[in-house]
Amino acid sequence: MSVWVRPPKRKREQPSLSREQIVSAAIELLDAEGIDALSMRKLGIRLGVAAASMYTHVASKDELVELVVDEIYGEVALPEPGPWRAAATRFAHDLRSVFLRHPWIGSLLGEAGVAYLGPNVLRLSEAALALFEDAGFSLDDADLAFNTVMAFVVGRATSEAAWLTTLKRSGQSEQEWKDRLWPAAEQAVRDHPRLKKLYAAQRNQKPGETNDDDFERGLGCVLDGLGTRLP
């Protein structure tokens with residue numbers, strides 16, 4: 001059962017522990033050690049309590065995941081009123097930065113159950129719908145626009161975050177990885193002229209430059225397409 005649909009448990013005496021502390025500690029653990037480290041036992045150790053003590057506030061790891069995901073979405077600035085395209089661009093960049101700040105979040109989305117019922121996700125969704133509806137989109141098209149932007153940003157940012165996680169595990173910088181891998185990559189694409197041309201163009205770009213540029217251009221294409229839905 002989702003944390004958002006079950007009746008809250010009757011609280012016992014736990015003056016030194018709260019749901020907010022549990023969620024905060026879970027995020028700290030995930031930021032420090034990654035998704036594989038998340039367990040109620042490890043979280044209990046981090047908080048200095050027995051794992052069973054946490055079940056008063058969070059009934060299961062699945063509920064914890066829902067709470068963590070909603071908390072992370074709470075870090076995303078709500079879309080502000082104004083020209084829709086500029087506001088949607090700011091929102092997309094802020095969402096991307098949050099996902100890159102917590103590179104494990106993409107891996108949790110598939111386990112997040114009905115996280116879309118969380119208070120932060122609901123506030124974010126309502127603000128985004130208002131932005132697009134005020135711009136002239138019908139409510140259905142506003143929903144489509146919001147979900148399309150979300151799908152693009154989450155997809156791109158999750159891929160970027162996975163790459164950053166791989167680099168962190170390797171102990172290498174992006175430039176070091178690139179220098180080591182590039183000769184093999186160029187050899188692999190020698191019989192594929194379009195890939196060869198693309199790789200050659202990217203060869204001397206600075207670390208991160210390709211991701212930033214691709215994100216900006218891809219977002220522009222998404223917003224161009226959404227603009228055609230306006231009356």
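Which residues in H1 meet which residues in H4? Let's work towards that pair of helices, starting with the chain as a whole. Keep in mind as you look that this is a predicted model.

The protein chain is built from eleven helices and has zero strands. If you draw a box around the C-alpha atoms along the principal axes, its sides come to roughly 65 × 50 × 25 Å.

How is the chain packed? Of its 231 residues, 37% count as buried. Take the contacts between residues at least 6 apart in sequence: 72% of them join residues at least 24 apart. As for charge, the chain carries 28 positive and 33 negative side chains, with 6 Å between the centres of the two sets.

Now back to the helices we began with. Helix H1 spans residues 19–33 and helix H4 spans residues 61–73. Their axes come within 10 Å and cross at roughly 80°. An angle from 65 to 115 degrees counts as roughly perpendicular, and H1 and H4 are therefore roughly perpendicular to each other.

Here, then, is who meets whom. H1 contributes Arg19, Ile22, Val23, Ala26, Ile27 and Leu30. On the H4 side, these residues meet Leu64, Leu67, Val68, Glu71 and Ile72. To see the meeting place for yourself, pick out those residues in the structure above and follow the two helices across each other.

How values were computed. Residues numbered from 1 in each chain as written. Predicted model: local features only at pLDDT ≥ 70, side-chain atom pairs only at ≥ 80, totals over all residues. Heavy atoms only, no water. Helix = DSSP H or I, 4+ residues; strand = E, 2+ residues; numbered from the N terminus. Buried < 20%, exposed > 50% of the residue type's maximum accessible area, 1.4 Å probe, protein only. Contact = heavy atoms within 4.5 Å. Lys, Arg positive; Asp, Glu negative; His and termini not counted. Charge placed at Lys NZ, Arg CZ, Asp CG, Glu CD. Axes fitted to C-alpha atoms, helices over the stretch in contact; angles between N-to-C directions. Parallel < 35°, antiparallel > 145°, perpendicular 65-115°, else oblique.
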